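Please look at the sequence and the model together before reading on. The report below is meant to be read beside them.

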Amino acid sequence: MAKQFEGKKFEKLGTEKNPAVVKVQTEDRAKELKAVFEKNNWAYTVELDPEKPEDITQLDILLNPIKTKIAETKVGRNEPCHCGSGLKYKKCCGK
């Protein structure tokens, strides 16, 4: 059975409706991360728990956003060559 869209809209990470959540072990590290969030005007929640490992994956996502790839147009072999010679691509640069 295929999943259907339930009408729920996801908010961008770091906004008031979807704040970034990071978990740290020390108060100093919490202050350091709070400064980064406030510098970039991102909404955040910092959880301090010395017993659990540090988890800052959502901060990494905000600092290094995924860049969309732009597909290059492929030259067909029977199209004019892009070098401007006036020949077909297969007879010029396509060899």
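This is a predicted model: local features need pLDDT of at least 70, side-chain atom pairs count only at pLDDT 80 or more; totals for chains, interfaces and linings use all residues.

Residues are numbered from 1 along each chain as its sequence is written, and side-chain values use heavy atoms, with hydrogens and water left out.

**Helix α1**

Helices (H or I, at least four residues) and strands (E, at least two) are DSSP runs, numbered from the N terminus. Helix α1 covers residues 27–39, and its 13 residues reach 18 Å from the first C-alpha to the last, close to the 18 Å expected at 1.5 Å a residue; the expected span is 1.5 Å times one less than the number of residues. At the start of α1, the backbone nitrogen of Arg 29 has a side-chain oxygen of Thr 26 within 3.2 Å. Just after the helix, Asn 41 takes a positive phi of about 60°.

Exposure is given here by relative accessible area, where buried means under 20%, exposed over 50%, and partly exposed in between (1.4 Å probe, protein chains only). Ala 30, Leu 33 and Phe 37 are the buried residues named in α1. They cover an arc of only 70° around the axis, which puts them on the same side of α1; the arc is that of the directions from the helix axis to the C-beta atoms. The buried residues of α1 pack against β1 (20–24), β2 (44–48) and α2 (57–63), contact meaning heavy atoms within 4.5 Å. The face turned away from this buried side carries the exposed residues Asp 28, Lys 31, Glu 38 and Lys 39.

**Aromatic pairs**

A pair of aromatic rings is described by the distance of the centres and the angle of the planes. Rings of Phe, Tyr and Trp (its six-membered ring) pair if their centres lie within 6.5 Å, and planes under 30 degrees apart count as stacked, over 60 as edge-to-face and the rest as tilted. The structure holds 2 aromatic pairs, which are set out in the table.

| Pair | Centre to centre | Angle between planes | Arrangement |
|---|---|---|---|
| Phe 37 and Trp 42 | 6.3 Å | 75° | edge-to-face |
| Phe 37 and Tyr 44 | 4.9 Å | 15° | stacked |

**Salt bridges**

How many salt bridges does a search of the whole structure find? The search finds 2, a salt bridge being a side-chain nitrogen of Lys or Arg within 4 Å of a carboxyl oxygen of Asp or Glu. Arg 29 forms a salt bridge with Glu 32, the closest N and O atoms being 2.7 Å apart; being 3 residues apart in helix α1, Arg 29 and Glu 32 are separated by about one helical turn. Arg 29 also forms a salt bridge with Glu 54, with the closest N and O atoms 3.0 Å apart. This pair links distant parts of the chain, since Arg 29 is in helix α1 and Glu 54 is in the loop between β2 and α2, 25 residues apart. Glu 32 is partly exposed, with a relative accessible area of 45%, and Glu 54 is partly exposed at 37%. Arg 29, Glu 32 and Glu 54 are linked in a network of salt bridges.

Definitions and conventions: A polar contact is a pair of N or O atoms within 3.5 Å; within protein, one must be able to donate a hydrogen and the other to accept it, and residues adjacent in sequence count only if both atoms are side-chain atoms.
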